[in-house]
Amino acid sequence: MLLPKKNEELLKNLLNRKEGKSIDFKQSITSAQKIAKNLVAFANTEGGIIVVGVSDKKKIIGIDPEEEIFMVEKAVFENCEPQPKFHFELLETIELSEKNVETEKYVLLVVVEKSIQNHYFKNQSGEKIYYKRLYDQTIPDTTVSYPDSPLTEN
């Protein structure tokens with residue numbers, strides 16, 4: 001089990017950043033395919049952080065860490081080739097409700113390393129597609145094909 005850290009300064013710094021080439025905010029991970037595309041895109045570009053448990057308006061929603069970790073690991077295992085290097089960090093924050101009740105909320109950081117090799121998203125039909133980050137978008141780059149692809153020139 002991943003132990004949470006209380007690092008309000010790091011969380012504040014992340015929330016002050018805009019989505020871009022090296023950071024993406026997610027309320028939760030609802031699709032293994034979508035998160036796999038982000039993981040390979042970060043590895044193929046300059047690395048990055050996926051912040052899970054934060055809305056697009058930068059409000060901390062909180063997550064169930066075990067469920068989100070499961071979804072990321074499933075995405076990597078099923079849809080990334082080769083698998084990018086990454087690690088998790090779990091941040092805990094305490095919020096006061098209107099009735100002065102403390103509530104713990106968790107935010108998961110998926111820290112993806114920049115890679116020197118190409119990583120591909122493997123879709124349901126087995127096709128391998130190269131993705132990269134362009135500003136705050138994860139986009140396919142059809143000029144880069146998988147080495148065993150029939151599209152690859154010899």
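Predicted model: local features only at pLDDT ≥ 70, side-chain atom pairs only at ≥ 80, totals over all residues.

Start at Ser 31, which caps the N-terminal end of helix H2: one of its side-chain oxygens sits 3.3 Å from the backbone nitrogen of Gln 33. Residues are numbered from 1 along each chain as its sequence is written, and side-chain values use heavy atoms, with hydrogens and water left out.

Now for the overall inventory. The protein chain has three helices and eight strands, taken as DSSP runs (helices are H or I of at least four residues, strands E of at least two) and numbered from the N terminus. Read from the N terminus on, the elements go α-β-α-β-α-β-β-β-β-β-β. The C-alpha trace spans about 65 × 25 × 20 Å along its principal axes. Of the 154 residues, 44% are buried, where buried means under 20% relative accessible area, exposed over 50%, and partly exposed in between (1.4 Å probe, protein chains only).

Back to H2, which covers residues 32-44. How far apart are its end C-alpha atoms? They are 18 Å apart, which agrees with the 18 Å that its 13 residues should span at 1.5 Å a residue; the expected span is 1.5 Å times one less than the number of residues. Ten of those 13 residues are buried, so H2 is largely enclosed by the rest of the structure. Among the buried ones are Ile 35, Leu 39, Val 40 and Phe 42, and also Asn 38 and Asn 44.

What does H2 lie across? It lies across S3, strand S6 (120-122), S7 and S8, running at about 65 degrees to S7. Angles here run from 0 to 180 degrees between N-to-C directions, with axes fitted to C-alpha atoms, for helices over the stretch in contact; contact means heavy atoms within 4.5 Å. Those four strands form an open sheet in the order S3-S6-S7-S8, with antiparallel pairing. Strand S3 (80-81) and strand S8 (137-140) each have a single partner strand, so one side of each is left without a neighbour in the sheet. Two strands count as paired if DSSP finds at least two bridges between them. Strand S7 (residues 128-134) and S8 are joined by four bridges, and Arg 133 stands opposite Thr 138 in S8.

The other sheet is also open, with four strands in the order S1-S2-S5-S4 and mixed pairing. At its edges stand strand S1 (23-26) and strand S4 (86-96), each with a single partner, so one side of each has no neighbour in the sheet. From one strand to the next, the twist averages 20 degrees. Helix H1 (residues 8-15) packs on this sheet, touching S1, S2, S4 and strand S5 (102-112). Helix H3 (residues 65-79) lies across S2, S4 and S5, at about 155 degrees to S4.

Look next at strand S2 (residues 48-52), which runs parallel to S1 and is joined to it by four bridges. Phe 25 stands opposite Val 51, and Ile 23 has Ile 49 as its bridge partner. The chain gets from S1 to S2 through H2, and this β-α-β crossover is right-handed: with the strands pointing away from the viewer, the path from the first strand over the helix to the second runs clockwise. Towards S5, S2 has five bridges and runs antiparallel; there Val 51 is partnered with Leu 109. In a regular strand the side chains alternate between the two faces of the sheet. In S2, Gly 48, Ile 50 and Val 52 point one way and Ile 49 and Val 51 the other, and all are buried.

Finish on Lys 105, in strand S5. Is Lys 105 buried or exposed? It is buried, with a relative accessible area of 17%. Its side chain makes a polar contact of 3.1 Å with that of Glu 95. Beyond its neighbours within four places in sequence, Lys 105 touches residues including Lys 59, Ile 61, Leu 91 and Thr 93.

Methods:
Polar contact = N/O pair within 3.5 Å; in protein donor to acceptor, adjacent residues only side chain to side chain.
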